[in-house]
Amino acid sequence: MSSGLLLAAPVAVAQIAGFVNPGLTESERRMITPVVIASGCLFYAGVAFAFLILAPAALGFFVHYAAAGAVESLWVTDLYFDFIFSLLLGTGLVFQLPVLQVALGRTGLVTSGQMLQAWRHVVVAATVMAAVLTPSTDALTQALLTVPIIGLYLGGVATVRLLEREGMVGRGREKETGWMNQINGEGVEGDRREMQWKDQMWSTTNRA
């Protein structure tokens, strides 16, 4: 069941995107398609990275730690599969970081410069996140996840910078601002006409 959930997660996201696709505009459709594809590829890449690199390193640490006589290993099948599933799912979700960055940059909420300025906070957050996801206490396993997280973040910054150069960011906010300006302009024009009408009525009443 755990394997089925891991394999079906990106497919479920694609199905949800296909369900809401008819209600989107043409520009939103062009944006959501590459996002869904990139999200699925990054998720599977995270799962493969955890299965091929993180899991063997973490299990190897437990085996060597037990062989040293510090603790006694009691391997339980259910706990083992829960551990592997949590590690694979958590790493797959962490690999969605560039998708989140592109979404924020595409809407104009955050620029690539602002993302790059926060690199110190990202390093700390990546270290804490790696410590939470990797159950072993050795620095090697934690670094194996910390470095990719930082690399993914920098890759997301580079992608947002490229979109900025192509003029493909901030359109949602600009569109919203344009609608608000139009509404406000119509409101001001309506108030001006109402004041003119009141002045004319007042002048007509005084003449009468």
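Analyst: Helices and strands are here DSSP runs, a helix having at least four residues and a strand at least two, and they are numbered from the N terminus. The model is a predicted one.

User: How many helices and how many strands does the chain have?
Analyst: Read from the N terminus on, the elements of the chain follow the order α-α-α-α-α-α-α-α. The secondary structure therefore comes to zero strands, by the DSSP runs, and the count of helices is eight.

User: What share of the residues of the chain counts as buried?
Analyst: A residue is called buried when its relative accessible area is under 20%. The accessible surface of the chain comes to about 13,700 Å², and carbon and sulfur atoms hold 67% of that surface. Of the 208 residues, the share that counts as buried is 26%.

User: Is Val 13 buried, partly exposed or exposed?
Analyst: Val 13 is part of helix α1, which covers residues 2-20, and its C-alpha atom is separated by 8.3 Å from that of Gly 40, a residue 27 places away along the chain. Buried means under 20% and exposed means over 50%. Because its relative accessibility is 41%, Val 13 counts as partly exposed.

User: Is Ser 112 buried or exposed, and which residues does it contact beyond its neighbours within four places in sequence?
Analyst: Ser 112 belongs to helix α5, residues 112-117. Its relative accessibility is 1%, so Ser 112 counts as buried. Leaving aside neighbours within four places in sequence, the residues in contact with Ser 112 are Val 157, Val 160, Arg 161 and Glu 164.

User: What span does helix α7 reach from its first C-alpha to its last?
Analyst: Helix α7 runs over residues 139-165, which makes 27 residues, and at 1.5 Å a residue the expected span is 39 Å. Among its buried residues are Leu 145, Tyr 153, Val 157 and Leu 163, and the helix is followed by Gly 167, whose phi is positive, near 70°. The span that α7 reaches is close to the expected one, at 39 Å.

User: Which residues of α3 are buried?
Analyst: Helix α3 has 18 residues and reaches 26 Å from its first C-alpha to its last, close to the 26 Å expected at 1.5 Å a residue. Its buried residues are Phe 83, Ile 84, Leu 87, Leu 88, Gly 90, Thr 91, Gly 92 and Val 94.

User: What is the volume of the largest pocket?
Analyst: The lining of the largest pocket is made of 19 residues, of which Pro 34, Val 35, Val 102, Thr 159 and Leu 163 lie nearest its centre. At least two lining residues each come from α2, α4 (97-106) and α7, and α2 gives the most, with seven residues. The volume of this pocket is about 390 Å³.

Notes. Residues are numbered from 1 along each chain as its sequence is written. This is a predicted model: local features need pLDDT of at least 70, side-chain atom pairs count only at pLDDT 80 or more; totals for chains, interfaces and linings use all residues. Side-chain values use heavy atoms; hydrogens and water are left out. Buried means under 20% relative accessible area, exposed over 50%, partly exposed in between (1.4 Å probe, protein chains only). Accessible areas come from the Shrake-Rupley method with a 1.4 Å probe; for residues, only the protein chains shown count as cover. The expected span of a helix is 1.5 Å times one less than its number of residues. On a 1 Å grid over the protein atoms alone, a cavity is a set of points where a 1.4 Å probe fits but cannot get out, and a pocket is an open set with protein on both sides within 12 Å along at least five of seven lines; lining residues have an atom within 4 Å of a point. Grid points are joined across faces, edges and corners, and a volume is the space filled by probe spheres set on the points. Contact means heavy atoms within 4.5 Å.
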